[in-house]
Amino acid sequence: MVRVRQPNFKMEDEEPPEFDWDHMTTEEIEAATDTLLDYCERDTLDFMRFQKLIPHYASVFIQSFYKQDRNNVEILSKEDSNAILNYLEYGFEIDLDNLQNFKNNLSIVEFSTGNYPFGGLERFIMALRAFDLIPLECFDGFSASRLNWTSAFEYNSTPLPDKKQGVFRR
């Protein structure tokens, strides 16, 4: 997310690989042709990037959350995966400003938003959770709350009137 938002950022996979066509077998030529055809379709490139950038455990969590949230049994399609990657890279209306790591696997994530409302903390909390960063407390700009997890996707919040930041466990 941070890297892709930098000025003049260019995707690493925008240029197709080069092939030594003169020294390839028929099977290698067919595979190379399929690879080149993939580079003609932005959706396919984005899906390959999703598979490369999103660790398996995060993908499994996202898929489970997607099924539970939508109350369906369908797996994430290529289009859904691309939409999630696009959301994390461009549509996620926050900027990660700072990460402080402490002992006992506790950290503080500081972020800012470009506007209010910014899409809500729910998406941000689930994005953190997908990467095994479990929010324990959060500060929404107005008040802090303790998050008491009741399942992988649900929590209750308790106001913390004297706190000004949130904490998560790694």
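**Close-up views of a predicted model**

**View 1. The hairpin of β1 and β2.** Strand β1 (residues 94-101) runs antiparallel to strand β2 (residues 106-113), and seven bridges pair them. Two strands count as paired if DSSP finds at least two bridges between them. Strands (E, at least two residues) and helices (H or I, at least four) are DSSP runs, numbered from the N terminus. Asp-95 stands opposite Ser-112 in β2. Asn-98 stands opposite Glu-110 in β2. Four residues lie between the strands of the hairpin, where Asn-104 takes a positive phi near 60°.

This is a predicted model, in which local features need pLDDT of at least 70 and side-chain atom pairs count only at pLDDT 80 or more, while totals for chains, interfaces and linings use all residues. Residues are numbered from 1 along each chain as its sequence is written, and side-chain values use heavy atoms, leaving out hydrogens and water.

**View 2. The protein chain as a whole.** The secondary structure comes to five helices and seven strands. Along the sequence, the pattern reads α-α-α-α-β-β-α-β-β-β-β-β. Of the 170 residues, 31% are buried. Buried means under 20% relative accessible area, exposed means over 50%, and partly exposed lies in between (1.4 Å probe, protein chains only). The chain exposes about 11,200 Å², and carbon and sulfur atoms supply 51% of that area. Accessible areas come from the Shrake-Rupley method with a 1.4 Å probe; for residues, only the protein chains shown count as cover. Among contacts between residues at least 6 apart in sequence, 52% join residues at least 24 apart. Contact means heavy atoms within 4.5 Å.

**View 3. The largest nonpolar core.** This core has 24 residues. Those with the most contacts inside it are Ile-54, Ile-62, Ile-84 and Phe-124. Two or more residues each come from α3 (56-70), α4 (78-91) and α5. Helix α5 gives the largest share, seven residues. A nonpolar core is a set of buried Ala, Val, Leu, Ile, Met, Phe, Trp, Tyr and Cys residues joined through side-chain atoms within 4.5 Å. Ile-62 is in contact with Ile-54, Leu-76, Ile-84 and Ala-130, leaving aside neighbours within four places in sequence.

**View 4. Arg-129 in helix α5.** Helix α5 spans residues 121-130. Arg-129 is buried, yet it has no salt bridge. The nearest side chain of opposite charge is Asp-132, 6.3 Å away. Lys and Arg count as positive, Asp and Glu as negative; His and the chain ends are not counted. Not counting residues up to four places away in sequence, Arg-129 touches Phe-61, Ile-134, Trp-149, Ser-151 and Ala-152.

**View 5. The salt bridge of Glu-137 and Arg-146.** The closest N and O atoms of this pair are 3.0 Å apart. A salt bridge is a side-chain nitrogen of Lys or Arg within 4 Å of a carboxyl oxygen of Asp or Glu. By this rule, the count comes to one. Glu-137 counts as buried because its relative accessibility is 9%. Arg-146 has a relative accessible area of 36%, so it is partly exposed.

**View 6. Pro-17 in the segment before α1.** Helix α1 covers residues 26-38. Pro-17 has a relative accessible area of 38%, so it is partly exposed. Pro-17 touches Thr-35, Leu-36 and Tyr-39, not counting residues up to four places away in sequence. Pro-17 and Tyr-39 are 22 residues apart in sequence and 9.5 Å apart in space, C-alpha to C-alpha.
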